[in-house]
Amino acid sequence: MTFDINIILDQLPAIISGAGVTVLIWIVGTIVAAILGFFVAVGRRFGGVLLDKALGLIVAVLRGTPFLIQIFLVYYGGPFIGLSLDPLPAGLIGISIYGAAYYSEIFRSGFMAVPKGHIEAGECVGLTQGQIIRRILLPEMTMLVLPPSLNMAVLLMKETAVLSIITVPELTATLSAIGAQQYAFVEALSVLALFYWVLVEITGRLGHLVETKLTRFRFFNA
């Protein structure tokens with residue numbers, strides 16, 4: 001057996017399309033997950049004991065169950081509550097909710113790492129909760145949460161491969177179909193592995209660049 005690159009070249013339009021869907025799901029899903037996770041963290045920090053316990057339970061369930069099961073429940077369980085979704089929207093919702101649970105814990109840890117005295121000082125000068133979040137918590141926690149947030153983004157990138165199970169036309173589904181049709185699993189899976197590796201490397205380098213820029217900004221504004 002030989003590695004036939006022509007199989008990949010012949011299917012290049014389909015592969016590019018699948019890669020585009022993967023990147024779209026990853027970027028949109030990560031952004032939505034981060035936003036939802038931030039508001040969950042804020043709710044747990046400032047919403048009182050009952051809200052903290054309720055949101056904590058939801059987060060624990062989402063973090064304690066496999067993503068595969070969650071995406072099955074969103075896609076196949078939706079019709080039971082009158083929610084019938086196509087594969088792509090179901091995948092976006094699933095990965096956003098899954099990521100939000102983890103991002104909420106990242107941001108909550110960032111909030112807890114900010115010295116309590118800084119928050120009390122803001123309250124003493126009459127800052128509202130919104131102003132405390134915007135002027136004290138966010139600037140101080142940014143550097144702390146950036147590395148784990150980047151790691152979470154990479155994890156969500158890899159989890160997009162699971163969405164092929166519900167027939168989302170992302171790269172894993174596309175290359176799996178090509179491999180099955182052409183009996184070229186080695187070629188297909190090699191391209192898939194290379195794609196994810198390159199994407200992880202690019203994300204890591206961009207994250208390092210952002211971290212460096214933020215560090216310099218804090219240094220010059222200290």
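## Close-up views of a helical protein model

View A. At 16% relative accessibility, Glu105 counts as buried, because the cut-off for buried is under 20%. The model is predicted. The side chains of Glu105 and Arg63 meet in a salt bridge, with N and O 3.7 Å apart. This pair links distant parts of the chain: Glu105 belongs to helix 5, while Arg63 belongs to helix 3 (residues 48-64). The two residues are 42 residues apart. Arg63 has a relative accessibility of 40%, so Arg63 counts as partly exposed.

**View B. Arg108 also pairs with Glu105.** The closest N and O atoms of this salt bridge are 3.2 Å apart. Here both partners lie in helix 5. They are 3 residues apart, which is about one turn of the helix. Arg108 is partly exposed, with a relative accessible area of 24%. Salt bridges that share partners join Arg108, Glu105, Arg63, Arg44 and Asp52 into one network.

**View C. Arg44 and Asp52 meet in a salt bridge.** The N to O distance is 2.7 Å. Side chains of opposite charge can pair when their charged atoms come close. Which of the two partners is buried, and which is partly exposed? Arg44 is at 16% relative accessibility, so Arg44 counts as buried. Asp52 is at 22%, so Asp52 counts as partly exposed. How many salt bridges does a search of the whole structure find? The search finds 4.

**View D. Phe38 and Phe111 form an aromatic pair.** A search of the whole structure finds 9 aromatic pairs. In this one, the ring centres of Phe38 and Phe111 are 6.0 Å apart and the ring planes meet at 65°, so the pair is edge-to-face; over 60 degrees is the cut-off for that class. The pair links distant parts of the chain. Phe38 is in helix 2 (residues 12-46), and Phe111 is in helix 5 (residues 87-113). The two are 73 residues apart. Are these two residues buried or exposed? Both Phe38 and Phe111 are buried. Ring pairs also link them with Phe39, Tyr103 and Phe107 into a cluster.

**View E. Tyr75 and Tyr76 pair edge-to-face.** Their ring centres are 4.8 Å apart. Their planes stand at 70°, so the geometry is edge-to-face. Tyr76 has a relative accessible area of 47%, and is therefore partly exposed.

**View F. An arginine lies over a ring.** Arg45 sits over the face of Phe46. The distance to the ring centre is 4.8 Å.

**View G. Six named residues make a nonpolar surface patch.** The patch covers about 560 Å². Phe3, Ile5, Leu9, Leu12, Ile16 and Val186 make it. Which helices each supply at least two residues of this patch? They are helix 1 (5-10) and helix 2. Phe3 is placed in the segment before helix 1. The relative accessible area of Phe3 is 45%, so Phe3 is partly exposed.

View H. Gly77 is in helix 4 (residues 67-77). Its relative accessibility is 24%, so Gly77 counts as partly exposed.

**View I. Residues 19-204 carry a domain annotation in a UniProt record.** The unreviewed entry gives the feature as "domain: ABC transmembrane type-1". Over this stretch the chain is 83% helix and 0% strand. The end C-alpha atoms of the stretch are 19 Å apart.

**View J. The whole chain gives the setting for the close-ups.** The protein has 9 helices and 0 strands. Its pattern along the sequence reads α-α-α-α-α-α-α-α-α. The C-alpha trace spans about 70 × 50 × 25 Å along its principal axes. What share of the 222 residues is buried? Buried residues make up 39%.

Terms used
Residues numbered from 1 in each chain as written. Predicted model: local features only at pLDDT ≥ 70, side-chain atom pairs only at ≥ 80, totals over all residues. Heavy atoms only, no water. Phe/Tyr/Trp six-rings, centres within 6.5 Å; stacked < 30°, edge-to-face > 60°. Helix = DSSP H or I, 4+ residues; strand = E, 2+ residues; numbered from the N terminus. Buried < 20%, exposed > 50% of the residue type's maximum accessible area, 1.4 Å probe, protein only. Lys NZ or Arg CZ within 6 Å of the ring centre and 35° of its normal. Patch = residues over 30% accessible without salt bridge, like charges linked within 9 Å, V, L, I, M, F, W, Y side chains within 5 Å. Areas by Shrake-Rupley, 256 points an atom, 1.4 Å probe, with all protein chains shown as cover. UniProt positions renumbered as here; feature names shortened; annotations may be inferred.
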